[in-house]
Structure formats: C-alpha cells, structure tokens
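Let's explore a protein together, one question at a time. Have a look at the model below, and then follow along.

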Amino acid sequence: MHIVNIINLLGGLGLFLFGMNYMSKGLSQVAGNKMRDLLEKLTRNRFKGFLLGVLVTAVIQSSSATTVMLMGFLNAGIMDLAQATGVIIGANIGTTVTAVLIAIDVSAIAPICIFIGAAMALFSKKQKQKYIGQIILGFGILFFGLKYMSGDSAMGVLKTSKLFQNFIASANNPIIGIIVGIIICSILQSSSAAIGVLQVLALNGIVPLDLAVYLIIGINVGSATPLFISAIGAKTNAKRAALIYFIFNLVLVAFTPIAMFEPFINLIESHASNGSVAVAAVHIIFKIASAVILLPFVNPIVKITEKIIKPVEHESEFRFTYIDKKLHSQDNASISVLQIGSEVERMAKLVRRNYVLACEDLLAGSIENEREIKNNEELINWLNHNISDFMVTITSHRITGEASEYIGKLFHVITDLERIGDHALNILQRNTIAIQEQLDFTEDGMKEIQGIYEKTLELFDRALAAFVNKQLTDQEANDLHFLEDTIDSLTLESQDHHVERLRRKECHTASGVVFTKILQDLERVGDHSYNIAWAARKDKALIRQI
C-alpha cells in the first residue's frame, strides 16, 4: 500500500466525517429545538420516552447528542434519571438509521445533493433554507466521501495487501475484534462514523462478517467515550446518564457467543445483498435485542448508577445547582436557557425565604434568623453576578425567538430579585437597630406592617408563578395591578396614621424613622414583585419597570 493510497483513504474518510458532522448540525438547527421540546414534555412515560429517544436520534443522527441534551435536562431538574434512561435506550436504536442509509447506497445522487445543498446554503436568504441546504450538502459529501474511500485508489488496494490480510486473520478473534472496535470508535468519536467505515470495508469484501460482528460490539462499547469526556467535571446526574449509556452498549458484549455462532452469520449473509447491508442488519439486531433486555430493568439500572456514582459533597453553596458549564455549547444553548431558568427559580426561593424570615423576625421582635438571612444574602448576590455572567456568554451564541426574549427578561428578573433580597436585609438591619436601641412600635403600627407584608408576599408568589409558567393573562395582570395599588394605598395610609400617632405622642421620633423606612422597604418589594410578573407577558413590551 503506497503513500498515495493512504492519502486517498484519509481524504475520503475526512469527507465522510465532515459530511456526517455537517449534516447532523444542520438537522439539529432545523429540528433540534422541536426535538428538545418533545423530550421535555413527553418523557414522563418510560415507553413513550423510549420511542421518543428513537425518533429524536433518528432525526438529529447522534445518540451522543441526544444523551447530552438529557444531561442538560437532568441538571435543570426537568426530568429524573429513570425518565432519561428510557430515552437513552431509544437513542441507541435511533442511531442505526445512518447505517441503513449507507446500506441503501445512494452515492449515485451524491454530486446532485452537493450542488443543490451548496446552492441553498450559499444563496438562500432565509436561515431555515440555509440549514436545509446544509443538511443536503452534508448528505452529499458523506456519500461522496464513502464512494471515494471505497475506490480502488483507496480501500480497494487493501484487498491485495498481504499485511492487511495477515492482520485480518490475526484479528478474527472475539477479544481482539472488540478491542479494535473500541479503539476505532474512540478515535473517530462517533459510532455512526465507525459503523459507516466498517460497512465500506465489508462492502469491498475486505472485512468478513464473522470479524465485523466483533468490531460492531467494540464500536458500540467505544461510543460511550465522547460522553465520558463530556461528563468529566459535570454534575452527578450527568455522570450517571453517561454511565447508563455505557451500560446499554456494554450489554452488547454478552452477544459475543451469538456472534461466534456460525449459523447466525450464515443466516445474515443469506439474506443480505452485500457486506454493507449485512453489517447494518447485525447492528440493528444487536441494538434492538439490547433494548428489549434492558427496558424492563430501568429502575434497577438507575439504582446501580446511583450506587456507583455517589452525590458529591460540596464544601460551599456558592455554586450552580442546575447550570452545567461543562455541557454548555452553541448546539446546546437552548438547554442552557432552561438551566438558567431553574437557577433563577432557585434564587427566587432564597429571596422569598429571606423576606419571610426578616418580616417574621420583625413581627416577633427578635433577630434569631439573622445568620441565615445574611448567609442567604451572600448566596443571592453570588447567583445574581454569576447567572448574569453566564447569560452574557449565552447571548454571544446565535439564539433567536422566544429563547432570546426570555433571556432578555431574565436579566430584569434577577435584578428585581436581588433588590428584593436587599430590602429583606434592610428590614433585618432596621429591626436590629430597633432591638438594640430599645425602640418600640405601637400595636396598630405592627398590625399595619403585618397587613402590608402579607399583601406583598401574596404579590411576590403570584408574580413568580406567572413568570415560571411564562404566562400572565389580562385578568391576572389586572388582579396583580390592583394588588400592587392596594399595597401603595396601605403604605400611604400607614404613613398618615404614623403622623397622627406622632402628633398624639403615642410613639417616639426615633422609632418613627425606623418605622417609615420599613414601610418604604415593604412597598418597594411590592413594586419589584410586580415587575417580575410583567416579565411573563407575551407581548413585545419586555417589562414594566415601576
């Protein structure tokens, strides 16, 4: 085998890998968001999740990409590990579609696909048409690369290579064949690409089926390599999802005795028109058989992964719970948006907790929750800055439509949440001053504070619910507007009553100053809560700032 043959082989392989990757990215751009929405909504049932995994992977042509999506959903708290497992099992079957396309061999239309795809990708004005062109172009390049790679000037020369024939003879062993398959897939970083190369070798009669079956098993075991790399430093559930993917493919090793069973090989060869079809058939049979075996045992599989990968004990709370930067990329920007939403909800719960603790301490005349409030406030500030920084990173990618608008609103929401947290801290500090300086508030004054506090808490809860559900109806908007006006009116009335009490000398000036500032904090909490509700509006007005 001369250097020219090696160059031709590598060139064809490069075209094949580029075409597959380019087509996959185009498919993800056209259908990726819809597939993510389906994954998010339809994975509550294990069997539906399995079918959905087949569908999504068949569309985006990458079981690894599907599993990475699931990692993002797991970190965002949208689904649990048992629900994700059904999808992972389905994804492993969906990835066989590539092998079927290669087995059909449509390389004759590859040049036409390249021309049409290039024209659409370069000259279409609409972005969606460009992505469709990218799919067609990638499809054409993929099959052009396959044809070039299998030509006489590339792989064809292996037929007469004694060195390669000796290697095939020595590798026709289950253990060696599986190891070689693992190495091939680890290098190519794609089981679909590795199976595609194997199909070309089998089509040219270079690799016999009795060796190819071992390579298929090894390739599928090696397909977990990209996920293990993605899971390095990732959160616990992301690591468990990668392990589940590996377990599914590791089960294929159990089929080695079947692969060694000569009648099985003869049966496949008798029904397959050529080596490429035979490889695709074995690949599909093994994948479906694995799914049938594992699908009833989803819960035990999850328990096994939970025992193997223990939750990490973190020394500090100053970390993201839902956002996973390791899984963040341009292709997964929409998943990162979901994770940001979950992280903002976490921040909102901390803010609510602080506001309730500060007000309850004020009403009780104590500061027993001072340490928790201050610790929470530090975490709220940390989340405010770090979520904002992460969102800036997200906006540097090409996100459009509702996702882009949602990110824009989140910038406003976390600002309002942080300010509510500041007002909760203000209330704590004013209460501390009152206790230290032994300042008393009248019973009527405390009842007024309690009434305003309860109204603001109701407004905050309803506003946050509207934003989380991404829906604020006209009726709810009117109700919240009325509630916010009620808080303003109660605040003004309380201020007037306070002036009257001062005139009657029922309270001291020093305590009156603290009382007035507390009223201002409560009223401002209502304002910021209403801003959060307004961010749930679907119209073009992003937010109503009070």
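Q: How many cavities of 30 Å³ or more does a search of the whole structure find?
A: This is a predicted model, where local features need pLDDT of at least 70, side-chain atom pairs count only at pLDDT 80 or more, and totals for chains, interfaces and linings use all residues. Residues are numbered from 1 along each chain as its sequence is written, and side-chain values use heavy atoms, with hydrogens and water left out. A cavity is a set of points on a 1 Å grid over the protein atoms alone where a 1.4 Å probe fits but cannot get out. With that rule, the search of the whole structure for cavities of 30 Å³ or more finds 1.

Q: What is the volume of the largest cavity?
A: Grid points are joined across faces, edges and corners, and a volume is the space filled by probe spheres set on the points. For the largest cavity, this gives about 60 Å³.

Q: Which helix gives the most residues to the lining of the largest cavity?
A: Lining residues have an atom within 4 Å of a cavity point, and here they include Asp440, His498, Arg501 and Phe515. Two elements give two or more residues each, helix H22 (474-503) and helix H23 (509-534); helices are DSSP runs (H or I, at least four residues), numbered from the N terminus. The one that gives the most, with 3 residues, is H23.

Q: Is Gln438 buried or exposed?
A: Gln438 lies in the loop between helix H20 (401-436) and helix H21 (443-468). Its phi is positive, about 55 degrees, although Gln438 is not a glycine. Buried means under 20% relative accessible area and exposed over 50%, with partly exposed in between (1.4 Å probe, protein chains only). Because the relative accessibility of Gln438 is 69%, this residue counts as exposed.

Q: What is the relative accessible area of Lys470?
A: You will find Lys470 in the loop between H21 and H22. Lys470 is not a glycine, yet it has a positive phi of about 55 degrees. Lys470 is partly exposed, and its relative accessible area is 37%.

Q: How far apart in space are Ile367 and Thr432, C-alpha to C-alpha?
A: Ile367 sits in the loop between helix H18 (333-364) and helix H19 (370-395). Leaving out residues up to four places away in sequence, Ile367 touches several residues, among them Leu428 and Thr432; contact means heavy atoms within 4.5 Å. Although Ile367 and Thr432 are 65 residues apart in sequence, their C-alpha distance in space is 6.7 Å.

Note on methods: 1 Å grid on protein atoms, 1.4 Å probe; cavity = no way out; pocket = protein on both sides within 12 Å on 5 of 7 lines; lining within 4 Å.
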